[in-house]
Amino acid sequence: MKLPDTLSHLPRDTRDTLFVLAVIGWVVAPMLSELPLWCGPLTGVLMLWRGVLAWRGQALPSRWWRLGLLVVAVGATLLSFRTLLGRDAGVTLVVVLLALKTLELRAQRDAYVVFFLSFFLMLTNFFYSQSLLTAAVMLIALWGLLTALVNAHLPVGRPPLWQSARTAGGMALLGAPIMLVLFLLFPRMAPLWGLPGDAMTGRSGLSNDMTVGNIASLALDDSVAMRINFSGTPPAQKDLYFRGPVLSNFDGVRWRPSEAAGVWRAAEAALQVQGQAVAYQVTLEPNQRPWLLTLDATPSAPELPQGRARMSAELQWQQDRQATALLRYQATSYPQFSYGKNQSPARLAPYLALPSGFNPRTLALAQALQREAPAGEGANSHLVQAALERLRTGGFVYTLEPGLYGRDSADEFWFDRKAGFCEHFAAGFVILMRGAGVPARVVTGYQGGERNNVDGFWTVRQSDAHAWAEVWLPGQGWQRVDPTSMVAPMRTGSFARLETPRGVIANAILGNVNPRFALNIRASWDALNNRWNQWVLNYTQAKQLDLLKSIGFEAPSWEDLILLLCAIVVTVSLLGAGWSAWERQRQDPWLRLLGQARVRLLRAGLPAPDNSTPRELAEQLRARGGTATEVQALMDWLLRLEALRYAPPNGHSGHKRQLTTLQHELRRLRWGD
């Protein structure tokens, strides 16, 4: 027997249990990657165990089994989080408790507990992701849970699941307008509105330090880091440098910001801008960092929805909190700028420091270049050009897989491997410059991006993470130098990124797909995600007030939102009550009463076609049998209903009185449910 036939012939309890387990699995699956490693296997085993018991019709495990598993779950949660409180510990415990609850799923009351635990767990998915994909998956989960809930209210017979699914879908559609009104008008008043600060962990993206190789790992991540909407003509691709952490301290292995990076001395930068300004809006994905990524250079603070922004002497903008949720801000930058011209030797000293005992061959090369350089202010510029020429003509290769670098990474880069990703080029270049007496530092951030032809936004991905260098030149100040562009000009001059080789399966799936078609699909999906971010996740109180302004409010406030929401709710309620009263008057009361009787009979598992008469229903009751007193009472009620139709009493009042009596009796009679 085929599987669909087998499923269609299962007992109803088995079918319903397997359906509920499938819906729970659908709810839990998206968050398993965020929970401890033991949680997924344990939950899967418990639910599989419950499914096997239902399939075989075997007894449920004893209370002692469940108690022992509960102790194991609580102990494992304590070992993982050292607490039972908090978001992650709480969600982990609820997931396992829900799986344990299915092992005592006997009565309808147990089913309701499972349903509402599942509804709660469905909402916790948004603690970890508020993406459009998550919302779509949870919408399907909502439909499944509503279907199971409706099915549980049909305790007799074997109603098909599609019938419950259709009813659940209708309920969801009827509730959609209410949901939309509440979304648009319910006041968003912090801190009551929104998720906790750790609600969206997001991807870390750039780090506050750099070890050779860690940016190459980001190149494998195609997730979105931010989206940019330029007000006018965007800068050229080669000028799209989004500034992040500036790394000055080097201990031989790791690059870190200088100790003074947290001291806000923007005045020391002496930033001077010129040329055409570029205005744009940034939608930054959650990254658990306080950085405000902006184009070089941004003289005025980005406009934040709340809080304030500050700039360091190294031109890095930060806010006073971490980006734990989607953040949108406005900024104005100038691609043409200069800064730091009048730096004292004391200020430049940290940018010349190198740890002793590392990279001796690179230092020897630096000294050789220094001896060949002309004297005077042009010496630093000559050294920079000499190093860049060495990169351009020395057989260097731009690659994601340069191999594992050892202790003297700069020596290996310049003399042995001659291959690497952007951080290899930037770090090796800065070490060489410092060895030659040129102040230099590493700057990390993002370079480039891709314009989405569907909505016009520029998408900057984690794979656009980049590292470049800054050198200090007398009379010019700090100047950007991108050593990677000497070897791979396509990295900064056009949209070209390195990709890892595809596996066998990926080649089999994507080998025959038109690249243009794939790009169009991704662009459409990105545009849809962006709309979701802009109009749903970033729907703030400011947008609510703008909505009120557009419908005629001159100076709207949150009190106006509440009044408008209450007015809509009251109006809709009155309209609904009026429509219900009109519907009752329009429909024949006798037909409505007969319809209610058919519904009760259907719930009791008795066929009740729409065209059946009261007498035919009474005959079906007689053929079914059952408790004689109950069956006889139902048959008498149906025959009296028929008599009221075809042999009505004289006078309108007598007819109405008998109809009212039958309505009261309908609620008191036992129909097998």
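Tutor: Let's start with pairing: two strands pair if DSSP finds at least two bridges between them. Strands are DSSP runs of E with at least two residues, helices are runs of H or I with at least four, and both are numbered from the N terminus. Here, strand β3 (residues 241-247) and β15 run antiparallel, joined by five bridges. Within that pair, Leu-247 stands opposite Val-442 in β15.

Student: Before we go on, what am I looking at?

Tutor: This is a predicted model, where local features need pLDDT of at least 70 and side-chain atom pairs count only at pLDDT 80 or more, while totals for chains, interfaces and linings use all residues. Residues are numbered from 1 along each chain as its sequence is written, and side-chain values use heavy atoms, with hydrogens and water left out. The protein chain has 24 helices and 19 strands.

Student: Is Thr-444 buried or exposed?

Tutor: Buried means under 20% relative accessible area, exposed over 50%, and partly exposed in between (1.4 Å probe, protein chains only). Thr-444, which has its place in strand β15 (residues 440-447), is buried at 3%. A polar atom of the Thr-444 side chain lies 2.9 Å from the backbone oxygen of Pro-245. Over the protein chain, buried residues make up 44% of the 673 residues.

Student: How do α13 and α14 pack?

Tutor: Helix α13 (residues 409-417) and helix α14 (residues 422-435) meet at an angle of about 100°, their axes 9 Å apart. That makes them roughly perpendicular, a label for angles of 65 to 115 degrees; under 35 is roughly parallel, over 145 roughly antiparallel, and the rest oblique. On the α13 side, the contact is made by Ala-410, Phe-413 and Trp-414, while α14 contributes residues including Phe-425, Gly-428 and Leu-432. The buried residues of α13, among them Phe-413 and Trp-414, pack against α11 (360-372), α12, β14 (419-420) and α14. Just after α13, Lys-418 takes a positive phi of about 50°.

Student: What is the strand order in the sheet that holds β11?

Tutor: That open sheet of five strands has the order β11-β7-β2-β17-β16, again with antiparallel pairing. Its edges are β11 (327-333) and β16 (450-451), each with a single partner strand, so one side of each is left without a neighbour in the sheet. Even so, β11 is mostly covered, with five of its seven residues buried. Strand β7 (residues 278-284) pairs with β11 over seven bridges; Gln-281 has Gln-330 of β11 as its bridge partner, and Leu-284 has Leu-327.

Technical notes. Axes fitted to C-alpha atoms, helices over the stretch in contact; angles between N-to-C directions. Contact = heavy atoms within 4.5 Å. Polar contact = N/O pair within 3.5 Å; in protein donor to acceptor, adjacent residues only side chain to side chain.
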